Amino acid sequence: MAQVFDGITVLDFTSGRAGGVATMVLSDFGARVIKVEPPGGEKFRDSPGSIQWNRGKKSVVLDLKTREGLDHACELARRSDVVVENYRPGVAQRLGIDYDSLSADNPGLVYATLTGFGSHGPYKNYKGYDAVVAAKSGRMMMFAGQNPREGPNYVVVQGVCHAAATALIRGITAALYVREKTGLGQRVETSMLKAVTTYDHVSWVHGQMVENLPDEYPSDPRVGIGRPNPTGYLPARTKDGQWIQLGNVVERLFRSMMHWLDMDFIYEDPRFKTAPRLEPDAVAALERIMLEKVQQKTLDEWMDIFLGEAGNVAAEPYLTSEQALDHPQILHNGNVQSVYVPGVGPTRQLGPMVSMSATPGGTQGPAPALGEHSRELLTCVSTDAKAHSNGAKTPMPGHPLEGITLLDLGTVINGPLGCALVAELGARVIRIEAPGGDWGRQGMPFSAHRTMAGSECICRDLKTPEGQEIMGKLTAKADLLLHSMRPGAPERTGIGYEQLAKINPNLVYLYAGGYGSTGPYSHRPSMAPIAGAVSGGGVAQMGRDSFPPADQPMSIDEIAAVSTRLKRANDGTADHNTAMVNAVGLLLGLYARERTGTAQYVESTMIAANAYANIDDFHWHEGKQPRPLPDGDGYGLHALYRLYRAKTGWVFLACPFDDEWETLCRAINRSHLLADPRFATAASRTDHDDALAGELSAVFATEDPMHWETLLTAADVACVKAEDRGMYYFFNEDPHVRENGFLTPVEAPRFGKFWRYSPVVDFSDTTGSAGPGPLKGQHTRPILRELGYTDAQIHDFKQRKVVDWEEE
């Protein structure tokens, strides 16, 4: 069966996880990926997870600082379709493998660049370690409050890498889609700092509303900080000492949960009559009752109930990533595949990122040994066929996805946000909501300016014949569709795949599900903390020794204390992780249609998307090292990769390699530490980690954060001031952000003028698109007119509640 990237050759110069995962996904879907490594191999070759993200590739060793190595690289690039690199700005040009040099002999080349902090500005040469970007940008403040201490909290799940990897895939696929039409390649660029903005769907605009419209939006101390989880999102300890995540914030799910917890009585109590929307004091009282109820049954007893009669309650046990490899739904979906790796033996690895009915993905083999294919690739390169190019067919479009229409029937965050990422590529996105509007608009309606950014919105009732007719007319004009209804619901409302394929056989149809369309859990609801609990991220974020032994008795106060920490640890960014994968699925389906002429059914799931966010640990083989976990106070993984208090504020230090450790000691005038036998080797530093952290704590406490950032980055040691107010403040105030064009001014009815994050991916020859989010039903009337309805018909539909909109 054909694959999306059949016949595509990718030359991968990247080092580390983000680029490695991006090119792994291209390989999984059929690309021939050639990994170019320096003599001795890339620095991250032995990192946890590299056995997985290097799979299916060919390894060639080239010394690009020699004439011979450069000549080989240029010849490989001449016969490639895609080049991917993550050098710091200017390095590729100095080596002679920059876009201008390589595209001169290959005008069809798609050249993707990933930087840490962008190509310009004072931070452009900072090392782009995941945690360095998370600390500098303020992402670590999303987990503030997980521990009693103040300040940022280390983030275990490498979301910056996940965001960057998926951005690269979207950018490369979109550029290949344009090339299919024009015959011309172009440069694609993103950065780790730009990609991390995908996680901030509310603080950036909330902060501006507080500043711009203070009468309507009063000052809020939590702007920029992760907000408390709503009622219904509760981690609880079971009778046998296990932990379960309840995730029922939508009212119908919340009421179902109350019923099956034998708590229907709460609605007779005046404090709880409005549940799940309650005052803070009432929330605390209700959660205490819930914690006591969950203590009455074992984990297995609760899951038997929730998997059986109580099918409308979202709940999952807390698992590690390795335990999740055996989750029944993950196994059913094919999210775990067996790969034999020479020298290691059998391994269990993540399957393809999304499932596709006509062009399915699959692992292409194990990770290669260093230079395993050098002879093969370098001796036959002169006889390889020239890279595919049909020559210019049509002019370059203004935007990569110009002329493409996507129907967004997603809900809350992960569906709409995934579509908003596609809107950034220039697609027309039409949100289709029920007359009352999407549930995600409740609470903080201005969050729509991220989750629905760049979209139009029409509200119609699918349960009416007229609503069905409108849907049919929209479908006939569309290229892509996303929905997140549980199995059975699409068919009942007339939007099932087979139903819509009859109207438009060229429609690429993506189901963005919690669990999937088939299998033992497919009927169950899923919200963000459910995927976080299943994937292992929540357990890892808690840190070392954070859960009391299962056989240790705990008082309800002790359980409540751990539950409070676990709420913050299992942060709601599981939706954002999923949104990025949803966007990838839509792009893969579109590009496959352009190449094969066939549309298809595509499926993504929250559990698989969040497995990918945990890809550094979401695999198994004999002898695999345990996942590195932070200390229980959330400082970091070890003395050389953690947060430190400075004289004022915080710094984050990242020195994972020996050469960096040596440079650090000399830069801070502590060369004697190099001679200390406790710190002489990586192994001895691990054995004496607390002592080393103490030494460095004393050093960093003597000066302000920017002193250390200036001093150490000048020595090429990754040490940055850790933003301790939140992402909004960093992006709103730091000159580096504007120098790189990371913000775009927009204007919206009711909210006025404000900035939004710029599109995550930039293109050299086709621009991205950045707009605000729509009001509920804002475009109902113009869209209906476009479909041929008269103003009289539209007025009649409004009167009969077939359609709806809110006044501007």
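Which elements do the buried residues of H26 pack against? They pack against strand E22 (650-654) and against helices H27 (672-675), H28 (682-687), H29 (689-700) and H30 (705-714). Packing here rests on contact, meaning heavy atoms within 4.5 Å. Helices (H or I, at least four residues) and strands (E, at least two) are DSSP runs, numbered from the N terminus.

Before going further, please note that this is a predicted model, in which local features need pLDDT of at least 70 and side-chain atom pairs count only at pLDDT 80 or more, while totals for chains, interfaces and linings use all residues. Residues are numbered from 1 along each chain as its sequence is written, and side-chain values use heavy atoms, with hydrogens and water left out.

**Helix H26 and what follows**

Helix H26 spans residues 658-667, and its buried residues are Glu660, Trp661, Leu664 and Cys665. Seen down the helix axis, these buried residues fall within an arc of 135°, so they line one face of H26. The arc is that of the directions from the helix axis to the C-beta atoms. Buried means under 20% relative accessible area, exposed over 50%, and partly exposed in between (1.4 Å probe, protein chains only).

After H26 comes Asn669, with a positive phi, in the loop between H26 and H27. Asn669 is exposed, with a relative accessible area of 61%.

**Backbone angles to look at**

Most residues other than glycine have a negative phi, and most peptide bonds are trans.

| Site | Backbone feature | Loop |
|---|---|---|
| Ala275 to Pro276 | cis, omega near 15° | Pro276 between H10 (251-260) and H11 (280-294) |

Arg750 counts as partly exposed, at 40% relative accessibility.

How many cavities of 30 Å³ or more does the structure hold? There are 2 of them. On a 1 Å grid over the protein atoms alone, a cavity is a set of points where a 1.4 Å probe fits but cannot get out, and its lining residues have an atom within 4 Å of a point. Grid points are joined across faces, edges and corners, and a volume is the space filled by probe spheres set on the points.

The largest cavity has a volume of about 140 Å³. Its lining has 17 residues, of which Val157, Gly537, Asp571, Thr573 and Asn577 lie nearest the centre. Helices H21 (528-535), H22 (537-542) and H24 (574-596) are the elements that give two or more residues to this lining, and H22 gives the most, with 3 residues. By class, the lining has 5 nonpolar, 10 polar and 2 charged residues. Ala, Val, Leu, Ile, Met, Phe, Trp, Tyr, Cys and Pro count as nonpolar, Asp, Glu, Lys and Arg as charged, and the others, Gly among them, as polar.

The second largest cavity has a volume of about 30 Å³. Among the residues that line it are Arg17, His162, Met353 and Tyr612. Helices H1 (17-28) and H7 (159-182) each supply at least two lining residues, with H7 giving the most, 4 residues. This lining divides into 6 nonpolar, 2 polar and 1 charged.

**The chain overall**

The chain has 34 helices and 27 strands, and buried residues make up 62% of its 808 residues. Its C-alpha atoms fill a box of roughly 75 × 70 × 55 Å, taken along the principal axes.

How values were computed:
1 Å grid on protein atoms, 1.4 Å probe; cavity = no way out; pocket = protein on both sides within 12 Å on 5 of 7 lines; lining within 4 Å.
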